[in-house]
Structures are given as structure tokens and as C-alpha cells.
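Here is a friendly tour of a protein model, written for someone who likes to know the cut-offs behind each term. Please keep the viewer open as you read.

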Amino acid sequence: MSLTAPAGAARRGLTDLGPIAQLRAGRLVRRLSQLYVGLLLYGVSLAMMVRGDLGLAPWDVLHSGLIRHVPITLGQAVVVMSFVVLVAWIPLRETPGIGTISNALVVGFSADATLALLDRPDLLVARIALMLGGVGLCGLATALYIGAQLGRGPRDGLMTGLHRRTGLSLRLVRTGLEVAVVVLGLLLGGVAGLGTLLFALAIGPITQALLPWFTVEVTAPAPRSALGGDQG
């Protein structure tokens, strides 16, 4: 009995598909809907941590430092840095998908919209609730957009590209990147704190626990020989 799925078989686990194959992998309406819900919620979670004012996620420490020196909003800083990171994909030979470009745009706009509606509470307990809720919501949002299988986010692709090119473990690459952006963000005057540490410790386990629930089954494309036979 074969242990591998036949060509064109549906697969529930995460797959590494190119941008065209992502769009041809089935259940596109469900996957696009899930992608954009996830990205919108990711921006909301970012804003919740900002208003909690107890420390931001590592990359957002950098964003918060950047806006102290450049006249842009936090959400605009997220967009700008996303495209800066995408430039780094070129030597790493990472291939963006629709989810990659959407991530670069939607998260920042969603964050700014939420920040316009949400004020910083005075009570410490409310700020703690916003911090905890932001971390939890970010884990859910990450599981949603990754599970849609429409391309990695800019920062995720940077991590996996460095892992593939250097041979270092994903954990080591991710830790190195996050330490680097926190240090750079702090040098620029960014905001770090308890929320930064909590995010670093909790986001991986939360996402891992939720991802199986939101990974959409897709159909991997059949190899060329299965589609039309050898043409040589």
C-alpha cells in the first residue's frame, strides 16, 4: 500500500506551492475569505497591544521606533517595512504569493483603522486585558492567514529563506531576527516591555495549537508527466 498521496490528491497539511499553484489548489473563495479575515484581525491585534501600552511584538518595536523619526503612522510603517523585507527576498529566491502582497498592505491599514477607533484605557487591568487579548488574537490571526495557504507573509518568508540558505534552524533564525529588530527598534526609541516578552514566548504555541483547525485542504497540482505524459 502506497504511503504517499497520488498526484492531484487533496492534502490538509501545509504545502509549499508557487503563486499560480496556490490559486489553482481549490476552495479559493474559502481560502481568500480566511486570508483577509486573518490579516484584518492581525492588524486589530497589533493595535490592541499598542493601546495596552505594555510592550509590542518584536517587529512592532521596530515600527514604533521608526515613526519617531519619519512622519508616518504605525500602520504605514508596517507597510513600508513589509516591502523593505520583500526586497530581501530577492537574493534569498523566495517567491511571493497573493497572501504575501496582501499581508504587506492589509495589516498596516487595519492597524491604523483600529487605532483610530480604540483609545488607551487608564486602568491597568484594562491595559493588561488588551495586551493579553492582542497576543491571543494575533495567534488566531496568524493561524487563519497561514492556514489559507496563499503565500507566506513578508517576515515569515524572510525567516524561511534565511533558514534555507544558511542551514540554521528555524528557531535560531527566528530568534536572531526578533532580537535584532527589537534592539534596532529600541535604539530608535521603540516601545518594548512585558508584552514583547509575552508575545515572543506565546505566539508560537498559540499558532501551533490553532493551525490544524484552520488549515484548508488543498489539491496539490499533478506533475507534468501525469498531466500529459513525457513529451521528449
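## Ground rules

This is a predicted model, so local features need pLDDT of at least 70 and side-chain atom pairs count only at pLDDT 80 or more, while totals for chains, interfaces and linings use all residues. Residues are numbered from 1 along each chain as its sequence is written, and side-chain values use heavy atoms, with hydrogens and water left out.

## The chain as a whole

The protein chain holds ten helices and two strands. Here helices (H or I, at least four residues) and strands (E, at least two) are DSSP runs, numbered from the N terminus. Read from the N terminus, the order is β-α-α-α-α-α-α-α-α-α-β-α.

Of the 232 residues in the protein chain, 43% are buried; buried means under 20% relative accessible area, exposed over 50%, and partly exposed in between (1.4 Å probe, protein chains only). The accessible surface comes to about 12,100 Å², and carbon and sulfur atoms own 67% of that. Accessible areas come from the Shrake-Rupley method with a 1.4 Å probe, and for residues only the protein chains shown count as cover. Among contacts (heavy atoms within 4.5 Å) in the protein chain with a separation of 6 or more, 84% join residues 24 or more positions apart.

## Ser-102 and its partners

Ser-102 sits in helix α5 (residues 98-117) and counts as buried because its relative accessibility is 8%. Its side chain makes a polar contact with the side chain of Tyr-36 at 2.7 Å. A polar atom of the Ser-102 side chain also lies 2.8 Å from the backbone oxygen of Ile-98. A polar contact is a pair of N or O atoms within 3.5 Å; within protein, one must be able to donate a hydrogen and the other to accept it, and residues adjacent in sequence count only if both atoms are side-chain atoms.

Setting aside residues up to four places away in sequence, Ser-102 touches Leu-35, Tyr-36, Leu-39 and Val-107.

## Two loop residues with positive phi

Arg-27 belongs to the loop between α1 (19-23) and α2 (28-52). Its phi is near 55°, a positive value in a residue other than glycine. With 45% relative accessibility, Arg-27 counts as partly exposed.

Asp-53 is found in the loop between α2 and α3 (58-66). The phi of Asp-53 is near 55°, again positive in a residue other than glycine, and its relative accessible area of 35% makes Asp-53 partly exposed.

Rolling a probe the size of a water molecule over the atoms shows where empty space is left. On a 1 Å grid over the protein atoms alone, a cavity is a set of points where a 1.4 Å probe fits but cannot get out, and a pocket is an open set with protein on both sides within 12 Å along at least five of seven lines; lining residues have an atom within 4 Å of a point. Grid points are joined across faces, edges and corners, and a volume is the space filled by probe spheres set on the points.

Which residues line the largest cavity? They are Tyr-42, Ser-45, Leu-46, Met-49, Ala-57, Asp-60, Cys-138 and Phe-199. Helix α2 gives the largest share, four residues. Phe-199 itself is in helix α9 and is buried, with a relative accessible area of 6%. Beyond its neighbours within four places in sequence, Phe-199 contacts Met-49, Ala-57, Pro-58, Val-135 and Cys-138.

The largest pocket has a volume of about 1,300 Å³. Of its 45 lining residues, the closest to its centre are Tyr-145, Ile-146, Arg-152, Asp-156 and Met-159. Helix α7 (residues 154-166) gives the most to this lining, with seven residues.

The second largest pocket holds about 290 Å³ of space. Its lining includes Pro-58, Arg-171, Arg-174 and Glu-178, and the largest share, six residues, comes from α8.
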